[in-house]
Amino acid sequence: MNYRHAFHAGNFADVLKHAALIGLFDALQAKPAALCYVDTHAARGMYDLRGEEALKTQEHVDGVQRLLRAPALPIALQRYVDLVRAFQPPGGNDIACYPGSPLIAQRLLREQDRAILCELHEEEAAALRRSLGGDARCAVHQRDGYAAMKALLPPPQKRGLVLIDPPFEAQGAEFTQIQQALADAWTRWPNATYAVWYPIKLRETILPFHRWLHRSAGKADVLVAELLLHPDNSGLRLNGCGLAIVNPPWHFDRTLQEWLPALKTLLAEGRNGEARVNWLKTA
Ligand SMILES: C[S@@+](CC[C@H](N)C(=O)[O-])C[C@H]1O[C@@H](n2cnc3c(N)ncnc32)[C@H](O)[C@@H]1O
């Protein structure tokens with residue numbers, strides 16, 4: 001429990017995850033029926049980019065800040081930038097704060113939608129409650145996100161999205177927990193879309209998870225989107241990250257293809273980066 005997202009807010013991994021999250025909401029909200037958003041690892045929700053943690057790492061400089069300077073962006077990335085800008089105090093062109101996944105989701109919820117936001121760390125959960133400002137559509141649970149999936153799914157709303165975004169302090173152990181939680185969740189809530197974020201260091205550490213998804217997702221389709229800033233052959237650094245999306249919305253692969261290559265060009269800038277969108281399985 002050493003991980004604090006404030007050191008990483010707005011970095012390249014957040015850009016991929018949050019731009020995809022907005023795209024998933026847009027697709028799922030094409031229908032008026034209520035949806036439930038479940039964030040198993042929500043963190044504190046709002047980050048001060050001029051605070052001590054962000055100043056120490058400056059990760060947002062090579063993440064969200066690069067998009068602000070881009071002369072033209074694909075529509076989906078412009079929508080992400082506009083949403084981040086909507087959180088800024090009036091009067092500046094700069095971005096001083098960065099919204100995490102629960103705050104982005106809160107912005108996108110309609111009156112009929114609900115959010116279940118889980119965060120194990122006491123201070124982070126308390127900060128999240130404050131950031132949400134008593135919004136009755138959002139329930140914060142200070143508890144283990146995997147146990148919450150078991151206890152709280154399925155929600156009353158038939159449609160929904162589960163974001164699983166753990167800190168990966170122990171990579172192998174985290175994948176084991178994700179697999180156990182998913183295997184249980186999709187028997188009880190098969191209609192939901194599940195998006196799992198994962199870090200990429202060595203490719204060989206990701207393959208068992210992909211193989212497991214391929215074998216275990218039943219009739220569900222699994223789409224994988226990856227953004228690599230470096231070749232995935234070094235275990236010493238974060239070379240990239242991915243999102244595995246179970247039951248993605250119709251044509252979500254095409255949606256990702258419209259902006260992921262442009263994001264790679266912006267963020268990998270001169271390095272040997274790669275953008276990948278692949279189906280693990282087509283039912
Ligand atoms: C990568 S951050 C989440 C970032 C957030 N989803 C976002 O995109 O803004 C991971 C968070 O999970 C929390 N955490 C760690 N283990 C947890 C668990 N078992 N259940 C719920 N939260 C956990 C950490 O305290 C941390 O705040």
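These are my notebook entries on a few places I looked up in this structure. The model is predicted.

**Entry: the ligand shell**

I began with the ligand. I counted 20 residues around the ligand, and the closest are His-41, Ala-43, Gly-100, Ser-101 and Gly-145. Then I sorted the shell by class. It holds eight nonpolar, six polar and six charged residues.

Next I went to strand β6, residues 159-164. Is this strand enclosed or open, and why? Five of its six residues are buried, so β6 is largely enclosed by the rest of the structure.

I looked up the strands that pair with β6. Strand β1, residues 35-39, runs parallel to β6, and five bridges link the two. Here I found Leu-35 opposite Arg-159 of β6. Strand β7, residues 193-200, is also parallel to β6, with four bridges between them. In that pairing, Val-162 has Tyr-194 of β7 as its bridge partner. I then followed the chain from β6 to β7. It passes through helix α8, residues 171-188, and this β-α-β crossover is right-handed.

**Entry: helix α6**

I turned to helix α6, residues 122-132. Which of its residues are buried? I noted Glu-124, Ala-125, Leu-128 and Leu-132. Viewed down the axis of α6, these buried residues fall within an arc of 100 degrees, so they line one face of the helix. An α-helix has 3.6 residues a turn, so residues three or four places apart point the same way.

I checked what the buried residues of α6 pack against. I found α5 (101-108), β4 (114-118) and β5 (138-141). On the other side of α6, I found Glu-122, Glu-123 and Arg-130 exposed. After the helix comes Gly-133, and its phi is positive, near 60 degrees.

**Entry: Thr-57**

My last stop was Thr-57. This residue lies in helix α2, residues 52-57. How many other C-beta atoms lie within 10 Å of Thr-57? I noted 13, and Thr-57 is partly exposed. A residue with 12 or fewer would be exposed, and one with 20 or more would be buried.

I also asked which residues Thr-57 is in contact with, leaving aside its neighbours within four places in sequence. They are Phe-7 and His-8.

Note on methods
Residues numbered from 1 in each chain as written. Predicted model: local features only at pLDDT ≥ 70, side-chain atom pairs only at ≥ 80, totals over all residues. Near = placed C-beta within 6 Å. Nonpolar A, V, L, I, M, F, W, Y, C, P; charged D, E, K, R; others polar. Contact = placed C-beta atoms within 7 Å. Pairing = 2+ DSSP bridges. Right-handed = clockwise from strand over helix to strand, strands pointing away. Arc of directions from axis to C-beta.
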